Amino acid sequence: MTAVIYARYSSDSQREASIEGQLRDCKDYAEKNGITVVGTYIDRAYSAKTDDRPDFQRMIKDSAKKIFDVVLVWKLDRFARNRFDAVNYKYQLEKNGVHLVSAMEPISQGPEGIMVESMLIGMAEYYSAELALKVARGERENALQCKYNGGVVPLGFTIGKEDRLYHIDPETAPIVQEIFSRYADGEPAEKIAASLNERGLRTRTGKPFVKNSFFQIFRNRRYIGEYLYKDIVTPGGIPAIVDEDLFNRVQQRFEQNKIAHGRPAKEDVSYLLTTKLFCGKCGTLMGGESGTSHMGNTYYYYKCGKAKRHGKAHCNLKAIRKEPLERFVVETAIKVIFSDEIIERLIDLIMDAQQQENTRLPVLKDQLRDTEKRLANLLEAIEQGILTPTTKQRLDELEARKEALNTSILEEELKKPVLTREWMRFWFEKFRKGDMRDMEHQRQIIDTFVNSVYVFDDRVVLNFNFTDDSKTISREEVLGSSAVENAPPNVRPFT
């Protein structure tokens, strides 16, 4: 088998050593498992919460060229930290005949492996979300104290190194006062910019002034001493550079002269079944679209991708309403999966899988037992007076090896904590008793448990992750299953 390694770290604060460590562990895994590494894809300072990563996208594109069989990552959270991207891009890899493998989280191919992988990705997303909450709490506390919370510092201010508070910059604050005064007195913004540039003055980012340079300055209420961070507004929270009368005169003139820019943002609608919903007639992925009635109401649908691109002549499956279909899928998933009997069965499978998946830990423990046995034999020989010139050297080597193995075992155990039955039961109960009206709860159920959904003219076929592998169920498999034969004829529960 041939493989490429994908490595990533999140921020500039992390070091190149992070990449080196990932590559080293992945290459070790490949060597032990007879896999030939043919290339690497590396994204530096890119978060896995987004798929906007250059080398990641290049890797996904290259997977279609059939030049490698495996994408090897250090851990699954290097690949993606949200369930949508994990499912979407893993599906694209599988479609191209490429498998995703984690070097530090070997996952079995059975049904329990599917559940463990889903939980690992879910926990990575949970960690990312929890970290974001902690950062948000810290930023909110800073904001309540009117402290700097990052970003470009407005012209005219400096940030105290010790107190992290806004202070007036005696060198640039007079420039801000001049800009406000000249504009309020009727001078054109272009003329003000040209005058400042002739004197060698520059913006906060070191660039020459242009007309647009003043738009943010004129709107920035920090200049009248108002601290603003998200929903926290504190009048007088920072020192003022201009008085309110001058600021308001500028606003009045700016309103008279401004030009409206852009269009209203397009409404953001989440199609929860994206990458899992297929046309039962032709097998093409179905995508979201919207339509407006003569009364002005907007409705959202899923439509066959082939019909969207080429018209009804290529596929005449009717579009299906988004909300009823998603609700049906989630409600059915809860009925099928979350019975007490199935939950306990899944927990049993996951507990068994945990004992089998970590192949490195048993090897390390075997090596430790062997090392301790050799140490005991050597010490016994020393006690009996059997000494050679290399005895001391050999004793030191074994002691060092024992210490290194103990450290490796501890790291391995900390790396992947064992999930208890109680924790897993709580996790399943969270899904079973969650708020069905909550969009995020619906998304979690679909992403974790639903393998694929096929829409026909008279029925909808749901496939869950209970098979022996995590590949998407094909249309041919659906047509050959008893699910189609047992479906009620001419029943369409959606409008």
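Which residues touch the most other members of the largest nonpolar core? Among the 37 residues of that core, they are Leu 325 and Phe 428. A nonpolar core is here a set of buried Ala, Val, Leu, Ile, Met, Phe, Trp, Tyr and Cys residues joined through side-chain atoms within 4.5 Å. Two or more residues are given to this core by each of β9 (277-279), β11, α11 (322-337), α12 (340-357), α15 (421-432), α16, β13 (450-455) and β14 (460-464). The largest share, six residues, comes from α11. Another core, of 35 residues, lies apart from it and includes Ala 143, Cys 146, Ala 193 and Phe 247.

The model is predicted: local features need pLDDT of at least 70 and side-chain atom pairs count only at pLDDT 80 or more, whereas totals for chains, interfaces and linings use all residues. Residues are numbered from 1 along each chain as its sequence is written, and side-chain values use heavy atoms, with hydrogens and water left out.

**Secondary structure**

Helices (H or I, at least four residues) and strands (E, at least two) are DSSP runs, numbered from the N terminus. Two strands pair if DSSP finds at least two bridges between them. An open sheet is formed by three strands in the order β10-β11-β12, with antiparallel pairing. Strands β10 (286-292) and β12 (320-321) stand at the edges with a single partner strand each, so one side of each has no neighbour in the sheet. Seven bridges join β10 to β11 (residues 298-304) in the antiparallel sense; Ser 290 has Tyr 300 in β11 as its bridge partner.

Burial is judged by relative accessible area: buried is under 20%, exposed is over 50%, and partly exposed is in between (1.4 Å probe, protein chains only). Helix α16 (residues 439-449) is largely enclosed by the rest of the structure, because eight of its eleven residues are buried. Those buried residues are His 441, Gln 442, Gln 444, Ile 445, Ile 446, Asp 447, Thr 448 and Phe 449.

**Salt bridges**

A salt bridge is counted when a side-chain nitrogen of Lys or Arg is within 4 Å of a carboxyl oxygen of Asp or Glu. The count comes to 17 salt bridges, including those in the table.

| Pair | N to O distance |
|---|---|
| Asp 62 and Lys 65 | 3.1 Å |
| Arg 199 and Glu 178 | 2.7 Å |
| Arg 182 and Glu 187 | 2.7 Å |

In the pair of Arg 199 and Glu 178, the arginine lies in the loop between α7 (189-198) and α8 (213-219) and the glutamate in helix α6 (residues 173-184), so the bridge ties together parts that are 21 residues apart in sequence. Arg 199 is partly exposed at 46% relative accessible area, and Glu 178 is partly exposed at 22%. Arg 182 and Glu 187 are both buried.

**Cysteines**

A disulfide is a pair of cysteine sulfur atoms within 2.5 Å. The search of the whole structure finds zero disulfides. For Cys 304, the closest cysteine sulfur is that of Cys 282, at 3.5 Å, which is too far for a bond. Cys 304 is buried, with a relative accessible area of 0%. For Cys 315, the closest cysteine sulfur belongs to Cys 279, at 3.5 Å, again too far for a bond. Cys 315 is buried at 6% relative accessible area.
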